[in-house]
Each structure stands twice: as structure tokens, then as C-alpha cells.
Amino acid sequence: MDAAITGWAHTRFGRLDDETAETLIGRVAEEALDHAGLDATEVDAVFVGTFNEGFSPQGFPSTLASLRVGALRHAPAVRLENACATGSAAIHAALDALAARRIRTALVIGVEKMTAVPGDEVGDILLKASYVPEEADIEGGFAGMFGRIADLYFQAHGDQRDALALIAAKNHANGAQNPLAHIQKDLGFEFCATVSDKNPIVAGPLRRTDCSLVSDGAAALVITNLNEAWHAPRAVGFRATAHVSDYMPISRRDVIAFDGARKAWAQAMETSKLSLDDLSFVETHDCFTIAELIEYEAMGLAEPGQGARVIAEGETTIDGWLPVNPSGGLKAKGHPVGATGVSMHVMAAKQLCGEPAGAPVPDAKTAGIFNMGGTAVANYVSIVERLR
């Protein structure tokens, strides 16, 4: 593909009481342009991803970056939304504009301010990314949705609570090395595997340590065509991308199969002409540990029902055959919905350029990224590689 990441910015994720969506957007816009060594007048278009749906009173966020970076005032700007894959939707819109040669340089921003909303409202807002006529009354919000998925998976393939705890412990160990992560603490397997006052059951078999965090944060990318990228201080190229959608209602599909994710991975790998053996690491969408477990199967690390073997044998640990979520993933890093897809690409780019935020992957050259919206409804895969 004729496009590369040449700069980025990333706030710490967490409870950012002094920030609003507007201030977060402005900060990462300015920092990403500085990192790319780019004047704002060289930006041809701005793509902003935010889910919102009630998290922030401010709608229409597309031009907010110009309030901090005045030279963006007249740059075409648009807001994208695709549930938890909102950030990747913004990236894909930018890549499409670059491929059409309508622009040479794009600024992509993902943002969400979630913690200003009471906890019970957070669940109601997130459930808007489910099929409301059938699923809005599921107890526990989206945790309840994935608790149901975990129950169905366990019914089909046996109780996998220990595998989920291994995934949680792995990601928290990696996140302990990430100064941008919401939680920077190695919790250990025993804590993650044990139900306690500090780690209660949230929904179905899912414990608190099986669930990603409600976080504030923003991330940004500068993406250019390759002609522009060769003049940049760094360049991480897109070797392939894929976007596959699926039915929204879980009643219309086998929800533990993640068919859309499987197809997206297959398309991206075919386009890239690579195999999993060629990837140095993967950043995948562990909104809940059961999601990462099923994603092992969707990406081809294991046959259906065999994902637990992958983590039990250490294949996806930082020292394993294919490290997964060296950044700590959504589990430790946090999950500000609109920022997540952009964040995953920033984390991959930093790792590839030898500036890891999280556990370092030695000699990393190529990465896979999987970001999904809803219960594997919107499925995005990127294959990226360091060019210079």
C-alpha cells in the first residue's frame, strides 16, 4: 500500500479529570504534527474518530483540533464512528483518501472521554453498540454480552477460566512496562484467577480482571503517501488492511466463531503475502479476555476450541512464538472507545521503531493489528512494517 505512518502522539490512558474531549484532541494533534516534523499547513485532511453516544456533551468534534492548531482551520475534517473500531474506521477513511490521491497527508485522531459519566450510564451508552431491539436489556452491559459469549464458549469447549486468567496476567505484566497504560501493575496469575473482593465476578464467568477499563484518552497518527514518507524521520508502512462486517444481532450468527474477524485476518494475510510466521507481534482487541482467546482462533493460531492451548503453552507471551499485546492491550492500557484503534497503531509503530510502550519485542519488523467493534461486528486488520 502506498501509505505510511510518519508521526504519532498518545496521551496516558486513565481517569483524566482535567481533560475534555476537546483538550485531548488538540493536544494529540499538536504533538503528532511535531513528532512528524510537519507544519500544520501541510495537512490535507483531518479524520477524527469518537464514539460519544452520550459520553461527552460536545458533538460535532471534527474541527475541534483547529482550536488548538489554528493552521488546521480550513483543512477538510470529518468525524467517523464504528463502535469500538471507531479509531480504525478513521484510519481506513484516511487510507482511502490517500489511495484515491485526493490527499497527500492526513491527520487521524481517536478520542474518548468516558469517566465523567456515572458508571451505570457508561454501561447503557456502550450497549448502544449492541442490537438494541434484542440485547439492550442484557444485565451487566457489554460485560454481560461477553459474559454470555464466555458461557457459550465454555459450554462448547469446556471451562476456560484459567486460560482467561493467563491472558489477563500476561497483559498486565506487559502493561506494567507501559508508562501510558491505565494500570501499570503486574497482577500475577493467582490474583487474576481468584475471585475476591478486589477481583469480583462481573458477568457470567468473567471476573474484573477479565474486563477492560473505562478510560479517557486520545491518540493521533500522521499518515502520508510514500513519496512524502521518504522525507520523514521515520516511516511505518501499511502492507495490507482489511475490513469485514457481520450481522449485529448475536441471534443471527454463531457468536463464538468470530467469523468476521477470521475473514478479515485471512484477507489481510493474503494481501500482505505473509503468514503468521512473518509477524513479530500482534496487538489485538482484548476488550474482554474471552475476546482475545477467540481471536487466537480467528487469526489462525489454533483450531476452534483450542485457543486455551495457545496461552497455556506460552505462545503469545512476550518470550513466546508470537507475542500478543506487548503494550498491555486494552486490558491494562485501557479502552477509551474512539481512541482504541488509533492507539493500537501507535503502539505497533512505537514497537517497530524501537521505542516500545510496554514490553519490548526484540528486532520487531512486522506487526498485525486487530480492532473490532461490537461483538465482532466491525472487524479491522492492519499489517504494518517498519520502512525506515
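## Salt bridges

The side chains of Arg161 and Asp159 form a salt bridge at 2.0 Å, N to O, where the term denotes a side-chain nitrogen of Lys or Arg within 4 Å of a carboxyl oxygen of Asp or Glu. Arg161 is partly exposed at 34% relative accessibility, and Asp159 is likewise partly exposed at 49%; buried means under 20% relative accessible area, exposed over 50%, and partly exposed in between, with a 1.4 Å probe and protein chains only. The model is predicted: local features need pLDDT of at least 70, side-chain atom pairs count only at pLDDT 80 or more, and totals for chains, interfaces and linings use all residues. Residues are numbered from 1 along each chain as its sequence is written, and side-chain values use heavy atoms, with hydrogens and water left out.

The count of salt bridges comes to 13. One of them joins Glu19 and Arg27, at 2.8 Å from N to O. Glu19 is buried at 18% relative accessibility, whereas Arg27 is partly exposed at 24%.

Glu228 and Arg104 meet through their side chains in a salt bridge of 3.8 Å, N to O. Glu228 belongs to helix α8 (residues 226-229) and Arg104 to the loop between α2 (86-99) and β4 (105-112), so the pair ties together parts that are 124 residues apart in sequence. Helices (H or I, at least four residues) and strands (E, at least two) are DSSP runs, numbered from the N terminus. Glu228 is partly exposed, with 29% relative accessibility.

## Cavities

The structure holds two cavities of 30 Å³ or more. A cavity is a set of points, on a 1 Å grid over the protein atoms alone, where a 1.4 Å probe fits but cannot get out; lining residues have an atom within 4 Å of a point. Grid points are joined across faces, edges and corners, and a volume is the space filled by probe spheres set on the points.

The largest cavity has a volume of about 80 Å³. Its lining includes Ala21, Ile25, Arg79, Val111, Glu112 and Lys113. The elements that give two or more residues to this lining are α1 (21-36) and β4. The second largest cavity contains about 30 Å³ of space, and among the residues that line the second largest cavity are Val46, Ser62, Leu72 and Arg73.

Definitions and conventions:
On a 1 Å grid over the protein atoms alone, a cavity is a set of points where a 1.4 Å probe fits but cannot get out, and a pocket is an open set with protein on both sides within 12 Å along at least five of seven lines; lining residues have an atom within 4 Å of a point.
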